[in-house]
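Dear colleague,

Please find below the structure that I am handing over to you. My notes on what was found in it follow directly after.

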Amino acid sequence: LKFGLNGPDQIVGKGFPNGVVAAPVGSIYTDKNSTCGAMLWIKKTGTGNTGWTILSGDTGWIDCSTVFDQIFDNSAANNIGVKVRRINNTVYFIVKAAIKTLSEVVINIKNGGFSTGDTVSQILLLQQVRNAGKNSQIQATNYSFMWLPGYTGLKVGDTVIGNCSYLTSAAWPTALTF
């Protein structure tokens, strides 16, 4: 369904508009299915069916603990593991789990919709619970996360917590998996 007179359109459909819906710049597309949490799109560039970017979307929290199982153990009753969520162009990352390794580990992710969209790393600080005030970190870049335990005193089995966010320029995720 399409509305518009000689200018931007208001379009209602099902699914992602990129590669499917042609419209002039400034048009708004509403996905009736809210595919992968994306509801509103805006046509920012081009004259064809590309150039759509997210205007309003929320993936909800996605448990990605198994992806990070080299680093974290969430088997304790009070641990939540690792979760991510994307709202518009901000990715939220939370962790509460025990540390499995003191080695640097790179986790490659398949779903670029949760990456930074850039090769410049963004640091996500995680606080060690047992020794308050001590931080370890994860660096998020395009398609990878690097665990950097980093300081003296950190021990395997220590619980770390973190509640971080970073901006992304990556396209909206096409699946709600990590």
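A residue is called buried when its relative accessible area is under 20%, exposed when that area is over 50%, and partly exposed in between. Please note also that this is a predicted model.

By that cut-off Ser 65 is buried, because its relative accessibility is 11%. Ser 65 sits in the loop between strand 6 (62-63) and strand 7 (72-73). Leaving aside residues up to four places away in sequence, Ser 65 is in contact with Asn 74, Ile 80, Gly 81 and Val 82.

A search of the whole structure returned 0 disulfides. For Cys 36, the closest cysteine sulfur belongs to Cys 64 and lies 16 Å away, so the two are too far apart for a bond. For Cys 64, the closest cysteine sulfur is that of Cys 164, at 13 Å, which is again too far for a bond. Both residues count as buried: Cys 36 because its relative accessibility is 15%, and Cys 64 because its value is 1%.

Cys 36 also deserves a remark on its backbone. Cys 36 is found in the loop between strand 3 and strand 4, and its phi is positive, at about 55 degrees, although it is not a glycine. Ser 34 is placed in the loop between strand 3 and strand 4 (38-43). The phi of Ser 34 is near 50 degrees, a positive value in a residue other than glycine. With 26% relative accessibility, Ser 34 counts as partly exposed.

Strand 3 (residues 28-31) is joined to strand 2 by 4 bridges, and the two run parallel. In this pairing, Gln 10 stands opposite Ile 28 of strand 3. The side chains of strand 2 (residues 10-13) alternate.

Finally, I turn to the pockets. The largest pocket has a volume of about 170 Å³. Its lining consists of Phe 16, Asn 18, Trp 41, Trp 52, Thr 53, Ile 54, Arg 86, Asn 89, Ala 170, Ala 171, Trp 172 and Thr 174. By type, the lining residues of the largest pocket divide into 7 nonpolar, 4 polar and 1 charged. Strand 5 (residues 52-57) contributes the most to this lining, with 3 residues.

With kind regards

Conventions:
Residues numbered from 1 in each chain as written. Predicted model: local features only at pLDDT ≥ 70, side-chain atom pairs only at ≥ 80, totals over all residues. Heavy atoms only, no water. 1 Å grid on protein atoms, 1.4 Å probe; cavity = no way out; pocket = protein on both sides within 12 Å on 5 of 7 lines; lining within 4 Å. Points joined across faces, edges and corners; volume = space filled by probe spheres on them. Nonpolar A, V, L, I, M, F, W, Y, C, P; charged D, E, K, R; others polar. Buried < 20%, exposed > 50% of the residue type's maximum accessible area, 1.4 Å probe, protein only. Pairing = 2+ DSSP bridges. Contact = heavy atoms within 4.5 Å. Disulfide = S-S within 2.5 Å.
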